Amino acid sequence: MTANGIIFDVDGTLWDSTDTVAEAWTDAIQHHTQLDMEINAEILKNVFGKTMREIANTLFPTLSDKEKMTILDICYEYENQLLKTKPGKLYDKVYETLKTLSKEHPLFIVSNCQCGYIELLLETTGITPFIQDTLCFGQTNTSKGQTILTLMKRNHLEKAVYVGDTQGDCDACKEAGIPFIYADYGFGEVKEAPVRIHAFSELLTLSPNFFR
């Protein structure tokens, strides 16, 4: 049984795709609704990390539940298409750090994103060789804590740590019963984080015992 998996969040932890997503979502809303809305990076930073349902409720409060999810699905379609030509940008030293970590630890990704998003991250950044498995809300339709547990079970992980940038990530780790590493360079704020990093490469400076 593997006992030292490291699981990563995506937005605000591995990369920043806000400019591309803002462009795609604004285009989708303008072409498929009567809403007078323009999505910007600041709006997205406040919803990244939330589940798809939570994002729909936040952005489209006046619409019916069916309408909310329909337009959000269209936004994701536009997003996935645009990310192929305008991908997000990895944070500094992410590629190199993942390459080094992967030599000693199995690495994974769990996100509250839609299906296809993690795949685009992997394809456009070249980090596929370092990641053993991924899972997202679009596949499980469960809380992030439960999605983490599902990934751990199917990969026979006895233990794991999670690296993320929001309070929601911290709460998910409490639900899953695993340690949390707060990436404080990301989008969210976690006031009480026992372990934090100011740059992704700082993962290499943590005690090896932390990952065991």
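Figure 1. The model shown here and in the following views is predicted. The structure holds zero disulfides. Cys170 accordingly takes part in none, and the nearest cysteine sulfur to its own, that of Cys173, lies 6.7 Å away. Cys75 counts as buried because its relative accessibility is 0%. For Cys75, which is likewise in no disulfide, the nearest cysteine sulfur belongs to Cys113, at 15 Å.

**Figure 2. Helix α4 and the elements that cover it.** Helix α4 comprises 19 residues, 65-83. Which residues of α4 are buried? They are Lys68, Ile71, Leu72, Ile74, Cys75, Tyr76, Glu79, Asn80, Leu82 and Leu83. An α-helix has 3.6 residues a turn, so residues three or four places apart point the same way. The cover over the buried residues of α4 includes strand β2 (15-16) together with helices α1 (18-32), α3 (52-59) and α6 (117-125).

**Figure 3. The nonpolar cores and the surroundings of Leu98.** The largest nonpolar core contains 57 residues. Within this core, the residues with the most contacts are Phe8, Trp25, Leu98, Ile109, Ile181 and Leu203. Helix α4 supplies the largest share of the core, seven residues. When neighbours within four places in sequence are set aside, Leu98 is in contact with Phe8, Leu14, Leu107, Ile127, Phe130 and Phe200.

**Figure 4. The six-stranded sheet and the pairing of β6 with β7.** Six strands form an open sheet with parallel pairing, in the order β5-β4-β1-β6-β7-β8. Which strands stand at the edges? These are β5 (133-136) and β8 (196-197); each has a single partner strand, so one side of each is left without a neighbour in the sheet. Strands β6 (residues 160-164) and β7 (residues 180-183) run parallel and are joined by three bridges. Val163 has Ile181 in β7 as its bridge partner. Ile181 is also one of the residues with the most contacts inside the largest nonpolar core.

Note on methods. Residues numbered from 1 in each chain as written. Predicted model: local features only at pLDDT ≥ 70, side-chain atom pairs only at ≥ 80, totals over all residues. Heavy atoms only, no water. Helix = DSSP H or I, 4+ residues; strand = E, 2+ residues; numbered from the N terminus. Expected span 1.5 Å × (residues − 1). Buried < 20%, exposed > 50% of the residue type's maximum accessible area, 1.4 Å probe, protein only. Contact = heavy atoms within 4.5 Å. Core = buried A, V, L, I, M, F, W, Y, C linked by side-chain atoms within 4.5 Å. Disulfide = S-S within 2.5 Å. Pairing = 2+ DSSP bridges.
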